[in-house]
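Please report on the fold and the charged contacts of the model below.

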Amino acid sequence: MTEKTCPSLDVIRRISAEIPTPFHLYSERGLRERARGLNRAFGWNAGYKEYFAVKATPNPVILNILRQEGCGVDCSSLTELMLAERVGFSGDEIMFSSNETPAEEFEYARKLGAIINLDDITHIDFLEAHGGLPEKICCRFNPGGDFVVGNAVMGRPGDAKYGFTREQLTEGVRRLMRKGVKRFGLHSFLASNMTDNDYYPTMARLLFRTAVELHEELGAEFFMINLSGGVGIPYRPEETAVDIDLVGERVRAAFDEILSPARVGGNVRVVTELGRYVSGPNGWLITRAVHEKNTYRHYIGVDACAANLMRPAMYGAYHHITVLGKENEPCDHLYDIVGSLCENNDKFAVNRMLPEISIGDYLAIHDTGAHGFSMGYNYHGRLRSAEVLLREDGSFRQIRRPETPEDYFATLDFSRLEP
Ligand SMILES: *Cc1c(COP(=O)(O)O)cnc(C)c1O
């Protein structure tokens, strides 16, 4: 069980007096606590760093808070690299884990001195031609088949487009060594939103063993094992949160058992690229009920839509909803909570029991801090919302203004329209 909390109606009223709904709200305290929790759980590894996955919450103020807590960033595109640079990240504080990478993005990443995480064996020559090979590089491993944790299939890497096969790793590392690369990292991302405490430890064992094999086969030296993202959060109240301290301990046990005795390269760093785990539970999409409709179902229409939060429409994802100010009222009404798009999947909740909702009520849609705003889009001419930071002292700050119609029209050319 997980208690679903959100800022109070008073706080939301205060913000919404200045910033119109819908808006994404983030908790500074929560973000800092998450980063500190990770640093504590993996503190046994001297080189540990969380490289926050920028795509989860690409806002400079958020990234800077995490930078203050000792995090780096994981980027996957040119603009994410530029964003990281402008926040002040440089060199090996930046991981560049991309795929189908354009030449100029490799060049930019090399210019910043980022750690390159190669997705494919053919990218060895491509990177050599575009930016050049660094002295140390990371390779992304895809073991294929099913990824099993305990007795359960947690993911199907064999169907995923990412990474080198095991054979390609041997061949790729050999080639990289011939081309002068001195030290290696190994990365894998095998399943998403995993709340099983054995997800990271199981993957860590696989990566540690593979590094030892590559060391024995080729004499390759390793500087880093990158456990990537994928640690999940309990979106539903009946789900249980990951015990990150336990996860850290189990990864340590695997490290001590497999990597330490093998001496694959001295002080191997263990790093993570978490997005959802860090920012997911620390964000809410705040919206207001604007219409109520009774047909074959009972609908509440809100002023946010799937363009502000795509996960329910895209994955059928559950997001908990609190009707603010009615936290203690009985959930005795069955609703669909819907947005305004002409798409019937634009539903934040389907058949959800909630307290009776009145027009004007504020709703907090939970766990929208990661892959929420950032997956937004402009379909139907819907404009992106503001992002707001709730500070530790209870004050708030707009950290992204809402889009205006001028923003929407800024990339269009009306100048040569035929009569
Ligand atoms: C998306 C992504 C992450 C973060 O994933 P989460 O599920 O948010 O933890 C980390 N690394 C890479 C390479 C990614 O693409």
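Which residue forms a salt bridge with Arg166, and how far apart are the closest N and O atoms? Glu213 does, with the closest N and O atoms 2.8 Å apart. A salt bridge here is a side-chain nitrogen of Lys or Arg within 4 Å of a carboxyl oxygen of Asp or Glu. Glu213 lies in helix H8 and Arg166 in helix H7 (residues 166-178), so the pair ties together parts that are 47 residues apart in sequence.

This is a predicted model, in which local features need pLDDT of at least 70, side-chain atom pairs count only at pLDDT 80 or more, and totals for chains, interfaces and linings use all residues. Residues are numbered from 1 along each chain as its sequence is written, and side-chain values use heavy atoms, with hydrogens and water left out.

**The barrel**

The closed barrel of 8 strands runs E2-E3-E4-E5-E6-E9-E10-E11, with parallel pairing. On average, neighbouring strands of this sheet are turned by 25° against each other, direction ignored. Helices (H or I, at least four residues) and strands (E, at least two) are DSSP runs, numbered from the N terminus. Two strands pair if DSSP finds at least two bridges between them. Axes are lines fitted to C-alpha atoms, for helices over the stretch in contact, and angles run from 0 to 180 degrees between N-to-C directions.

Strand E2 (residues 49-53) has 5 of its 5 residues buried, so it is largely enclosed by the rest of the structure. Buried means under 20% relative accessible area, exposed over 50%, and partly exposed in between (1.4 Å probe, protein chains only). Lys49, Tyr51 and Ala53 point one way from E2, while Glu50 and Phe52 point the other way. E2 has parallel partners in E11, through 2 bridges, and in strand E3 (residues 72-75), through 3 bridges. Lys49 stands opposite Val271 in E11. Ala53 has Asp74 in E3 as its bridge partner.

Val271 also stands opposite Asn226. Strand E10 (residues 221-226) and strand E11 (residues 269-272) run parallel, joined by 3 bridges. Helix H8 (residues 199-218) lies across strand E9 (183-187), E10 and E11, and runs at about 165° to E10.

**Two loop residues**

Pro237 sits in the loop between E10 and helix H9 (244-259). Its relative accessibility is 17%, so Pro237 counts as buried. Pro237 and Lys4 are 233 residues apart in sequence, yet their C-alpha atoms are 6.4 Å apart in space. Beyond its neighbours within four places in sequence, Pro237 is in contact (heavy atoms within 4.5 Å) with Met1, Thr2, Lys4, Tyr318 and His320.

Asp346 lies in the loop between strand E15 (333-338) and strand E16 (347-354). Asp346 is buried yet has no salt bridge. The nearest side chain of opposite charge is Arg382, 7.1 Å away. Lys and Arg count as positive and Asp and Glu as negative; His and the chain ends are not counted. What does the side chain of Asp346 reach at 2.8 Å? It reaches the backbone nitrogen of Leu341. The Asp346 side chain also reaches the backbone nitrogen of Ser340, at 3.1 Å. Leaving aside neighbours within four places in sequence, the contacts of Asp346 include Cys305, Ala306 and Val338.

**Salt bridges**

Side chains of opposite charge can pair when their charged atoms come close. The count comes to 25 salt bridges.

| Pair | Closest N to O |
|---|---|
| Glu213 and Arg166 | 2.8 Å |

Glu387 is buried at 1% relative accessible area, whereas Arg400 is partly exposed at 28%. Glu249 and Arg252 both lie in helix H9, 3 residues apart, about one turn of the helix. Glu249 is partly exposed at 42%, and Arg252 is partly exposed at 33%. Glu213 is partly exposed too, at 34%.

A network of salt bridges links Glu28, Arg29, Arg32, Arg36, Glu69 and Glu392.

Methods
A polar contact is a pair of N or O atoms within 3.5 Å; within protein, one must be able to donate a hydrogen and the other to accept it, and residues adjacent in sequence count only if both atoms are side-chain atoms.
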